[in-house]
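Open the model in your viewer and keep the selection panel at hand. The stops below say what to select and what is there.

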Amino acid sequence: MDGSAQRGSELDWWHRFPALLQAELDAFKIYGAEAVVVSSTNGSLIVEVQWPTQAGPLGLRVGYCPTHPYGRPSVGTSDLTLSRHQDPFSGTLCLLTQEAGQWRPGEKAADLIAAQLPKAIEAARAHDEGRLNEAADLEEHAADPLTSYFDHLCDANSIALYDANLRAPSGRWGPATFTVRNRLAGGVEIVLRTLKPTQGLWLAAPFKPWEERTPIQTVAGRWVRMKPEATSDLARLAAQAEAIIAQDGVGRKSASRDSRSAQTGPELTVILFDDEVEYGREGLGCLFLYRSPQNQLALVSGRRIAPDLLARAPVSAGLQDKRVLLVGAGAVGSFVGLELVRAGLGRLDVVDGDTVEPGNSVRWALGREYWGRPKAHALADFAARHYPLSHVVAHFAKVGVAVNTVEHAIGLGIHPLEWLRERVREADLVVDATASDECQLFLEDFCRKQGKPYILGHATEGAAGGAVAQFTPDRPGCRVCLAEHWWDKTLPEPFVDPSGVLVPVGCNQPTFTGGAFDLQEVSMEMVRTALGVLVPSLYPRSRLGLAVVNLVEAGGGRVTPCWTTHDLTPHPRCWCNRQ
């Protein structure tokens, strides 16, 4: 080992468990390999190994991670070049896929090499020789795309997106169009829209994964078909692409940026090559070379967009044509709205007449960027930027506001309930997160008369508990029934913390205390209930009308959330039962 003193050396596993290090070195001897520790720096132990093979010793570099033996070692070589299962930049071998549980803490690095290295070598050789069935018997059925090995060179703040089913015209190069959007956190978002041949027509439709709602810069660029060299010299990659265009003899090579007298905008070149997109299936791999208006060349990581962006949430398949009216976008409702659009809801109308306060940051879905903005508009703006498959419409309004002057009444311009009735008619579901008894009592009755399902949810003072109730026109029991049941104690109410109320400085209205880490428990149950109403075949849920959660116990201590569900039956005193 090197003799340099390292800060944190008392944490090094080989110092804490010297017998473990000796066991690792002895394991190499069992296989006839020579192993020498060449570095023990910053928690990483590196061993050089001469591994015996039929063709002679193979030089390996074995790196033990700081968390050894719980984390897997890394094995690389410069004496061997494989077409797969090896990083072309570092020579690191892929002896295990990234699946959890493949590495056993009791296993020695030498045992791993003995078991997996021959398989990796033979599998790569079988692929090269077209013996795919034999290769499949030797390796995990996981794709080994070349593009992934370039990720370490890519701009960490940028991304390029393209169609998962992308096809390119024949030929070595051609024009391409992109859209480029500057990202708020820095970097750019690039979308590859079209690829065209240098001559003739190409009938492929432009790639439009979503509807753009803000102006996006369109940039003309090029595509070049070539297998990229494993080099960190981006100028070299760019020169190789330019050389192909120059050799082709079709069209005029564009002037280099260095020869221009003025900066005119970004330049984009996408390098296309055959790449493994799924195990045993090849498609187009893409690397994006981006030259900024400041003449800085960067490699941008390309990511395929599948035909269904929401495939990882199967429930989304039934939500694309659904529409929800969300009334109330506060501490509970803001998370409800975001989770619905994240799940793939087609359209969300948000009604709220309040603005985002700095003090709300501890329990509102968005932060400083939206302070002072209407909550409904803040959610709509954020959703448009981040969840473009959902259409969010903001309505800065309050339900049930009385005016006491003729001028104000005339100034409304429209009957508020006429406007609300149209929103309810258009919706498949109304979700009420106002936490207002008055609003809940009215909206449930209003929705029932129009044959629309309605869900309410609220948390109690101090975020001590919460309730979610669902009402559908085909089932008896209404919001008044629920109030009467709570009054009679025939249905449980969530706990309330009487001390969990404060009046913020500069405000004339009291508010309850509690953070998002507790309040989201209610928000998420509201979302799950909504999905059960909207797509019951994809997300079957209990049909019981009331769910109650307590977040504190009788003594005041916080407890693990536990929901209970209850049948919401008509109450004898309620008019709906007598009707």
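**Second largest pocket**

In this predicted model, begin by selecting strand E5 (159–163), strand E6 (173–182), strand E10 (281–291), strand E12 (302–305), helix H6 (333–342), helix H7 (375–386) and strand E15 (391–396), each of which supplies at least two residues to the lining of the second largest pocket. Of these, H7 gives the largest share, five residues.

The space in this pocket comes to about 1,400 Å³. To find its centre, select Leu 161, Glu 189, Trp 210, His 386 and Pro 388, the closest to it of the 50 lining residues.

**Val 336**

Next, stay with helix H6 and pick out Val 336, which lies in it. Is Val 336 buried or exposed? Its relative accessible area is 1%, and the cut-off for buried is under 20%, so Val 336 is buried. Show Leu 326, Val 431, Ser 523, Met 526 and Val 527: these are in contact with Val 336, leaving aside neighbours within four places in sequence. Then draw a C-alpha to C-alpha distance from Val 336 to Ala 298; the two are 38 residues apart in sequence and 39 Å apart in space.

**The cavity**

Select Arg 448, Gln 470, Phe 471, Thr 472, Arg 475, Pro 476, Gly 477, Gly 545 and Leu 568 to show its lining. By class, that lining has four polar, three nonpolar and two charged residues.

Methods:
Residues are numbered from 1 along each chain as its sequence is written. This is a predicted model: local features need pLDDT of at least 70, side-chain atom pairs count only at pLDDT 80 or more; totals for chains, interfaces and linings use all residues. Side-chain values use heavy atoms; hydrogens and water are left out. On a 1 Å grid over the protein atoms alone, a cavity is a set of points where a 1.4 Å probe fits but cannot get out, and a pocket is an open set with protein on both sides within 12 Å along at least five of seven lines; lining residues have an atom within 4 Å of a point. Grid points are joined across faces, edges and corners, and a volume is the space filled by probe spheres set on the points. Helices (H or I, at least four residues) and strands (E, at least two) are DSSP runs, numbered from the N terminus. Ala, Val, Leu, Ile, Met, Phe, Trp, Tyr, Cys and Pro count as nonpolar, Asp, Glu, Lys and Arg as charged, and the others, Gly among them, as polar. Buried means under 20% relative accessible area, exposed over 50%, partly exposed in between (1.4 Å probe, protein chains only). Contact means heavy atoms within 4.5 Å.
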